[in-house]
Amino acid sequence: MTRGITLLGATGSVGASTLEVVRANPERFRIHGLTAHTQVEKLFELCWEFRPDVVVVATAEDAKGLFDRLRDAGVFTQIEYGAHALEETAASRGADVVVAAIVGAAGLAPTLAAARAGKRVLLANKEALVMSGRLFMQAAREGGAELLPIDSEHNAIFQCMPRIVGHGKLRVGEGVERILLTASGGPFRQRDPATLDSVTPAEACAHPNWSMGRKISVDSATMMNKGLEVIEAHWLFDAPAERIEVVVHPQSIVHSLVSYADGSVLAQLGNPDMRTPIAHALAYPERIGAGVRQLNLTVIARLDFEPPDFKRFPCLKLAYDALAQGGAAAVLNAANEIAVEAFLQGRIRFTGIARIVSAVLDAGLAVQPDSLEHVLQLDKTARAAAQILVAAEAR
Ligand code: NAD
Ligand code: MG
């Protein structure tokens, strides 16, 4: 039996890695749905290759353009557009698996819809979980969804856990001592902090080990990505913040570790390639080929570890602070999305990202959200506050 897959964010970096795993395993998987935001040409090519049942684009105009081209090419795919269609497609009965690979807050509603519909959800979109943690986990439980992380660190942790913590017997704090979340340290781990003011978007996006979308690349450079991942791990593994430790590991070979009360430490290793966690989660509990080179330890020869530098990377500290404060993670995420976008547009300096996120957190907007509407309201308010600060920095 083949598994039907809906891929939210098909034209992105995680989307591309997912499609490579599907290509390598055609007898196991078929594509039910694909979604894209602006890259309609790329989506057309994917329709030609994968013949999905349904695709979703952003606007009616894009849908019409794609419809004409597919009709001329003799490809019959249902074409939808807009936010509501994203949610409907994520929950549609045609797919067993939904890969949540839209970047940022835009991914929240469709990912939540997939969770409510009881899908196997492969979670790449960490922002959704950061924004809505408790509500999202509750929706997944109530919907009977199977939540499998494909963020490489969380996939590693999942593999090193005896079973899904929170649903099984061993819990963090009771048998599981700590989660050790590895971080590469990004492109600026050793750069003179005095020069961080003049960093360009191209430099920030040049990650030493991973090729990723621009937003997560900037997050890796500020280490906000690791902060978001601490929050992600908190929710996925039901782990208190003080038991989630960040360890800088520049080679990105050890993708994370779990330490146990008896002194055992389990780690997952592999070449840095998103196809590994994606293949693991697509086939789980089986194992399939992912097209990834096998790890050669004697070639790698050494693995280094060091503590994170909270002074150089204030965003990491801000994320821990936000986690300690109910509702602040949604504020942190919203402010960060606005600040990163402004940095990528050349409107603010690299160091302005942390300043803006810190100031928005200090504005006292955070309240524990009790509904999705509440989360979205908080997100909107924090974005507006961040925009004002961007304008002030840009002057
Ligand atoms: P990307 O920028 O390469 O791709 C983003 C995708 O989201 C694209 O398909 C785009 O069309 C879609 N999208 C963007 N804005 C949208 C909107 N408003 N509405 C609907 N769709 C929209 O990003 P990426 O690097 O593939 O990352 C995707 C997610 O996965 C992020 O949340 C990121 O944190 C997470 N992630 C990525 C990696 C990686 O290696 N790239 C690793 C771990 C986690
Ligand atoms: Mg990661």
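Colleague: The charged end of R51 sits over which ring?
Modeller: This is a predicted model, so keep that in mind throughout. The charged end of R51 lies 4.6 Å from the ring centre. A charge counts as over a ring within 6 Å of the centre and within 35 degrees of the ring normal. The ring under R51 is that of W48.

Colleague: And how far is the charged end of R69 from the centre of the ring it sits over?
Modeller: The ring here belongs to F44. The charged end of R69 sits over it, and the distance to its centre is 3.8 Å.

Colleague: How many aromatic pairs does a search of the whole structure find?
Modeller: Rings pair if their centres lie within 6.5 Å. With the whole structure searched, the number of aromatic pairs is four.

Colleague: What is the geometry of the pair F310 and Y320?
Modeller: The ring centres of F310 and Y320 are 6.3 Å apart. Their planes meet at 65 degrees. Planes over 60 degrees apart count as edge-to-face. The pair F310 and Y320 is therefore edge-to-face.

Colleague: Which parts of the chain does that pair link?
Modeller: The two residues are 10 residues apart. Y320 is in helix α13. F310 is in the loop between α12 (297-300) and α13 (314-324).

Colleague: Is F310 buried, partly exposed or exposed?
Modeller: Its relative accessible area is 35%. Buried means under 20% and exposed over 50%. F310 is therefore partly exposed.

Colleague: Why do the buried residues of α4 lie on the same side of the helix?
Modeller: Helix α4 covers residues 83-91, and its buried residues are A85, L86, T89 and A90. In an α-helix, residues three or four places apart point the same way.

Colleague: Which exposed residues are on the face turned away?
Modeller: The buried residues of α4 pack against elements including β1 (3-8), β4 (78-81) and α5 (108-116). The face turned away from the buried side carries the exposed residues H84 and E88.

Colleague: With which residues is S92 in contact, leaving aside its neighbours within four places in sequence?
Modeller: S92 is in the loop between α4 and β5. It counts as buried, at 18% relative accessibility. Its contacts are H32 and K119.

Colleague: Which residues are the protein donors of the magnesium ion (ligand 2)?
Modeller: They follow the spacing D-x1-E-x75-E along the chain. E153 in helix α7 and E229 in helix α10 are 76 residues apart. E153 is buried at 8% relative accessible area, and E229 is buried at 1%. Lying 2.1 Å from the ion, the donors are D151 (OD), E153 (OE) and E229 (OE).

Definitions and conventions. Residues are numbered from 1 along each chain as its sequence is written. Chains are lettered from A and ligands numbered from 1 in the order in which they are written. This is a predicted model: local features need pLDDT of at least 70, side-chain atom pairs count only at pLDDT 80 or more; totals for chains, interfaces and linings use all residues. Side-chain values use heavy atoms; hydrogens and water are left out. Buried means under 20% relative accessible area, exposed over 50%, partly exposed in between (1.4 Å probe, protein chains only). Helices (H or I, at least four residues) and strands (E, at least two) are DSSP runs, numbered from the N terminus. Contact means heavy atoms within 4.5 Å. Rings of Phe, Tyr and Trp (its six-membered ring) pair if their centres lie within 6.5 Å; planes under 30 degrees apart count as stacked, over 60 as edge-to-face and the rest as tilted. Donors are N, O and S atoms within 2.8 Å of the metal (3.2 Å for Na, K and Ca); water is not among the atoms, so sites may look incomplete.
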